[in-house]
Amino acid sequence: MNIVGPDFLVFGVDDVKVCADYLTDFGLKPVDVTEAGGRFEALDGTGIILRHRNDPALPPELGTASLLRQQIYGVVAPEDIEAIAAELSKDRTVVRLDDGSLETVDDHGFALKFQLTIRRPLDLPPERLNAPGSPPQRGPNEIGVWDDMPARPRTLSHVVLFTPDTEAASRFYEERLGFKITDVLVGAGPFLRPHACDDHHTLFLIQAPAHMQGCEHLAFHMGGPTEVLLAGNRFVEAGYESFWGPGRHRFGSNWFWYFNSPLGCHVEYDADMDKHDDDWIARQEPVGAEASQIFLLQYRRKWFPSGGPNKDH
């Protein structure tokens, strides 16, 4: 089953405007947005779909505080849709839609949809570094950062779910949908990637009580660590609240900066995630601060030393 990863995450919210303003300020492009909701896209077309919480077209709520109503996964070809339908219809209802996509639920009630991926190919440069001992990646007179440098989310990276039984949840995604475990934080849960994606993870499952089931955070890939820091700094300056970061994770190696959001979960900028194939052997480490990040920085507003070399600052 050639699942690429999440194309969209669908949220049912009480205040569509507040959430729409948040996602727009985060850097996503509003598409067909009205007071009833709309779509908010990264550069490749993936993103977030907002609807009012009472929209009858939404899948049922989980019965917890979570506002996540559906995960929409993109697949490579129509044959993958057929394979998923054949597998999942063995023990649950699978609804076929007119556009060829299908809807169902996983073993813990999270609503899933599978469709031909809508991801647009990107042809964008990565962050380029000049490092002693290596040929320069930026030529003479080519600067690396400037005041109005673009820093927009490129693609929906991953989703993290609170679930009451990570072992059962992981078995569903592994055995029924072909995901692979890349690493495990013992005491929290596994990181997983689908077959048609080589990112370290598009899904992370965290053990939590049943009343907490839902989305813990979602993330968008940026073009590099400078874009994470630049976008995050702009977001803070726009009045949004930093939750964790900036820093760099150990598992996945991705740079991160998390923010509180009105979506009922955290929203993350990330960059420079590890790539893996089926030869990779999953690591296991006890969950904790040392396993979760290799280092953590602290934001402060722009500052400049003053008062002379012998004065305390």
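Analyst: The model is a predicted one. A residue is called buried when its relative accessible area is under 20%.

User: Why does Gln213 count as buried?

Analyst: The relative accessibility of Gln213 is 9%. Since the cut-off is under 20%, Gln213 therefore counts as buried. Gln213 is located in the loop between strand E12 (203-207) and strand E13 (214-221). Beyond residues up to four places away in sequence, Gln213 touches Leu62, Thr64, Ser66, His108, Phe110, Phe162 and Pro164.

User: What makes the pair formed by the backbone oxygen of His108 and the side chain of Gln213 a polar contact?

Analyst: A polar atom of the Gln213 side chain lies 2.6 Å from the backbone oxygen of His108. The criterion asks for N or O atoms within 3.5 Å, so the distance meets the cut-off.

User: How do you know that strand E7 and strand E8 pair?

Analyst: Pairing requires at least two bridges. Strand E7 (residues 102-105) and strand E8 (residues 111-116) have four bridges, so they pair, and they do so in the antiparallel sense. Glu103 stands opposite Lys113 in E8.

User: What makes E2 and E6 edge strands?

Analyst: Eight strands form an open sheet with mixed pairing, in the order E2-E3-E4-E1-E5-E8-E7-E6. Strand E2 (29-34) and strand E6 (95-96) each pair on one side only.

User: Which residues touch the most other members of the largest nonpolar core?

Analyst: They are Phe11, Leu50, Phe114 and Leu263, in a core of 57 residues. H1 gives the most to this core, with six residues.

Terms used. Residues numbered from 1 in each chain as written. Predicted model: local features only at pLDDT ≥ 70, side-chain atom pairs only at ≥ 80, totals over all residues. Heavy atoms only, no water. Helix = DSSP H or I, 4+ residues; strand = E, 2+ residues; numbered from the N terminus. Core = buried A, V, L, I, M, F, W, Y, C linked by side-chain atoms within 4.5 Å. Buried < 20%, exposed > 50% of the residue type's maximum accessible area, 1.4 Å probe, protein only. Polar contact = N/O pair within 3.5 Å; in protein donor to acceptor, adjacent residues only side chain to side chain. Contact = heavy atoms within 4.5 Å.
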